[in-house]
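Keep the structure open as you read, and look up each residue as it comes.

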Amino acid sequence: MASTGYGPSRESRWSRLTFDGNESNYELWEAKFLAHMRLLKLKDTILPSEEEADATKNEECYAELIQCLDDTSLSLVMRDATDDGRKALQILRDHYANQGKPRIITLYTELTSLEKALHETVTDYLIRAEKAITALKNAKETLSDGLIIAMILKGLPDSYKPFSIHVTQSASEITFAKFKSMLRSFEETEKLNTKPKIDQVMKAEFPSQTITCYGCGKRGHLVRECPAKSEKKWCNYHKSTTHSDSTCRSQQKSKDQAKQVSEKENTSKDEHSFAFKVNDEATGKINRMGMLVDTGATSHIVTTDILKQIDMTFKPSKHYIELADGTRASNIALKRGDAEVFLKDTNGKCVKTVLKNALYIPSYPQYIFSVKAATSNGAELRFAQDTGELTLEDGTIVEIEEHGRLYYLTSIDSHENDSVSEVDKVNLSYDINTWHEILGHCNFEDIIKLQGVVKGMKFSGKIESSKLGCNTCVEGKFVNSRSRIPDARSQKSLEKVHVDLAGPVSPVSREGFKYCIAFTDDFSGAVFVYFLKCKSDTFVATEKFLADITPYGKVSCIRSDNGSEFTGKAFQTLLRERGIKHETSAPYSPHQNGTAERHWRTLFEMGRCLLQSGLPKTLWPYAIQTAAHIRNRCFNKRTKTTPYFSLTGKVPDLSKMWICGSECFAYEQEHKKLDSRCSKGVFVGYDKNSPSYLVYYPKNGKIMKHRLIRFIKKCSVEQHTQTDESSRDCD
């Protein structure tokens with residue numbers, strides 16, 4: 001048969017089962033070979049046993065075994081165990097896994113000299129140890145978990161010393177399985193702790209043309225990147241190897257003047273500024289969340305020209321910006337003066353703040369708020385985990401927020417508004433969640449629309465629909481909603497039956513009934529009603545229903561609410577014994593059992609109408625039973641037929657039915673020659689268990705079953721008795 005190309009080939013399978021003659025690999029090979037024999041259902045035959053092996057199967061075992069052996073191993077068994085697979089396997093075990101004293105000593109030596117290699121994982125180290133341990137246990141050597149743990153701890157490097165101390169000092173008993181798990185966990189923890197921590201620093205990107213190398217004097221690179229740095233340098237003026245004659249400042253008049261300017265600026269606080277290094281490659285895109293709070297900067301920095309009082313003595317060419325890595329550059333700051341910025345305080349109001357002696361640096365990507373400059377002018381700053389506060393001289397508190405491990409002051413750029421006066425005019429700027437609370441938890445859509453039709457309201461920050469939410473609204477406005485999608489109807493009768501209990505009904509019936517239970521077939525809509533004196537009778541009523549419904553099929557599933565009468569042990573046992581699945585609705589969710597609930601409304605509405613004929617209310621069970629009898633013979637719009645036909649397959653006969661509450665004459669079976677042949681009563685319904693009518697006698701309060709009755713028909717002109725053709729016979 002040609003290979004299909006899918007799955008492992010037979011050749012690759014045999015190559016994995018072939019033993020290479022290496023004693024250290026015998027244990028693994030035997031495990032794979034025995035698994036192969038199990039697939040062939042020959043494992044019990046080849047394993048040593050007191051029972052004699054089947055000769056044919058033993059020969060098959062031998063044939064399979066020799067296919068998996070190398071030449072050396074085959075020569076061990078081919079003469080002494082020909083066609084005897086069980087004996088051949090035992091010979092291999094004695095040779096490669098013998099239990100002799102020399103081998104046991106070798107295994108103990110291997111176990112006690114275990115050492116974890118530098119780049120070896122804990123899993124590989126444990127596999128090596130378990131290999132020797134398994135071999136010793138197969139040799140019937142007793143090794144306690146404590147001894148095994150001690151030998152493995154001995155071979156661990158010094159980096160595992162804390163783990164060794166923890167294990168040896170532990171008061172609880174540690175099994176070998178638990179020890180392995182703890183050792184692997186320690187290894188994973190060490191990997192996490194030894195990961196290099198990357199600290200991101202800030203670096204300002206300047207045009208390369210503004211950077212001057214102080215090694216060669218050329219523009220475009222720093223001194224550490226200077227290509228002439230590797231050349232040998234000698235300055236005859238200074239007798240130094242730090243620079244050459246061509247770059248010596250003392251020998252060049254222009255360079256000498258630049259040096260004097262530099263020395264002057266080094267002694268002047270106003271003309272020398274420090275700034276952090278902001279590296280876009282290290283931090284990614286800089287987060288413009290406001291003003292970056294910098295503890296290393298000596299001056300405030302703005303990137304837009306918002307300076308009000310400009311220092312005319314400031315000269316960009318003589319002002320140097322020194323970065324955190326020690327590099328210095330001039331012509332970076334173009335102006336210096338007082339900048340007006342608008343910060344948002346903790347109350348959401350816009351506060352105008354003046355930054356004294358701020359530098360205008362358009363090449364910077366971010367406004368920088370200098371902590372040193374602020375504190376020197378009377379401000380106070382406090383930092384905490386993920387947050388902070390700036391307290392101005394007048395006591396106004398501005399919140400500091402953390403974004404991406406950097407701290408920012410929330411500022412409002414006046415250039416983004418129509419004018420600064422408009423910012424002052426609004427004066428109340430909150431995020432949408434704060435406005436939501438101010439406006440009494442009004443819905444967010446109306447709040448967003450409100451800004452355009454009122455004054456004194458402004459949103460701060462972006463409005464993200466995914467972040468709109470309020471726990472208070474959830475707690476205060478949660479409503480009891482329900483799904484309007486109906487469940488799929490059953491496809492056959494009695495596949496699902498809905499059951500529900502109604503009551504207590506007042507007044508109590510003449511028989512003492514206070515409750516009634518209805519079983520409604522989901523497919524046909526047929527309903528069966530039973531009456532109870534107490535809720536505990538639900539079990540008996542269910543048994544009666546299952547017996548009544550047996551001629552028409554078997555109930556597969558019953559759905560009810562979570563009433564105790566349905567979740568009790570007796571009811572659950574009954575359904576389990578009958579093989580019926582029990583479904584319940586969710587707590588306080590009557591709509592999930594809506595079929596039964598809606599049927600109760602229909603039955604009680606019809607029952608009330610039947611009692612309007614003058615019957616006493618204590619006869620309500622007969623009115624409800626009659627209503628169920630009638631409903632089973634009414635047209636069903638969903639099935640286009642009657643529930644009675646859908647359930648039984650028989651067409652109902654309505655010729656035997658009459659108006660409930662009508663006066664009638666019932667034939668008396670026991671009478672004498674001169675006695676009346678019938679008794680006058682009131683028709684109250686149909687008997688459920690026999691083809692007879694139920695007649696109520698007001699004089700004695702009894703209800704009797706009768707097969708033969710005649711109804712009294714009332715007309716607008718006269719009252720007369722019907723003819724024999726109109727008499728009712730339930731047969």
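1. Apart from neighbours within four places in sequence, His436 is in contact with His441, Cys442, Phe444, Ile447, Cys470 and Cys473. His436 itself is found in helix α16, which covers residues 432-438. Is His436 buried or exposed? The relative accessibility of His436 is 2%, so this residue counts as buried. Please bear in mind throughout that this is a predicted model.

2. Now a step back to the whole protein. Its 731 residues include 38% that are buried. There are 24 helices and 28 strands in the protein. Among contacts with a separation of 6 or more, 57% are between residues 24 or more positions apart. The accessible surface comes to about 44200 Å², and carbon and sulfur atoms account for 51% of that surface.

3. Helix α8 is worth a look on your screen. This helix takes in residues 122-138, 17 residues in total. From the first C-alpha to the last, α8 reaches 24 Å, close to the 24 Å expected at 1.5 Å a residue. Which residues of α8 are buried? They are Val122, Tyr125, Leu126, Ala129, Ala132, Ile133, Ala135 and Leu136. After the helix comes Lys140, with a positive phi near 65°.

4. Next, follow strand β7, residues 335-344. Of its 10 residues, 8 are buried, so β7 is largely enclosed by the rest of the structure. Which strands does β7 pair with? Strand β4, residues 307-310, pairs with β7 in the antiparallel sense over 3 bridges, and here Ile310 has Gly337 of β7 as its bridge partner. Strand β8, residues 350-360, also runs antiparallel to β7, joined to it by 9 bridges. Within that pairing, Ala339 has Leu355 of β8 as its bridge partner.

5. Asn357 lies in β8, and its phi is near 50°, a positive value in a residue other than glycine. With a relative accessible area of 45%, Asn357 is partly exposed.

6. Lys640 is not a glycine, yet has a positive phi of about 60°. Its place is the loop between α23 (620-631) and α24 (643-648). Lys640 is exposed, with a relative accessible area of 63%. The other detail is a peptide bond: the one from Ser506 to Pro507 is cis, with omega near 5°. Pro507 lies in the loop between β17 (497-502) and β18 (515-521).

7. A search of the whole structure finds 22 aromatic pairs. One of them is Phe566 with Phe571, an edge-to-face pair at 5.5 Å centre to centre and 75° between the planes. Both Phe566 and Phe571 are buried. How are the rings of Tyr693 and Phe711 arranged? Their centres are 6.2 Å apart and their planes are at 90°, so this pair is edge-to-face as well. The pair links distant parts of the chain, 18 residues apart: Tyr693 is in strand β24 (residues 693-697) and Phe711 in strand β26 (residues 708-714). Tyr693 is buried, with a relative accessible area of 0%, and Phe711 counts as buried at 0% relative accessibility.

8. Tyr160, Phe163, Phe176, Phe179 and Phe186 form one aromatic cluster. Elsewhere, Arg633 lies over the face of Tyr644, at 4.6 Å from the ring centre.

9. My last stop is a loop residue. Thr298 lies in the loop between β2 (291-294) and β3 (301-302). How far from Thr298 is the C-alpha atom of Ala373? The two C-alpha atoms are separated by 6.0 Å, although Thr298 and Ala373 are 75 residues apart along the chain.

How values were computed
Residues numbered from 1 in each chain as written. Predicted model: local features only at pLDDT ≥ 70, side-chain atom pairs only at ≥ 80, totals over all residues. Heavy atoms only, no water. Helix = DSSP H or I, 4+ residues; strand = E, 2+ residues; numbered from the N terminus. Expected span 1.5 Å × (residues − 1). Buried < 20%, exposed > 50% of the residue type's maximum accessible area, 1.4 Å probe, protein only. Pairing = 2+ DSSP bridges. Contact = heavy atoms within 4.5 Å. Areas by Shrake-Rupley, 256 points an atom, 1.4 Å probe, with all protein chains shown as cover. Phe/Tyr/Trp six-rings, centres within 6.5 Å; stacked < 30°, edge-to-face > 60°. Lys NZ or Arg CZ within 6 Å of the ring centre and 35° of its normal.
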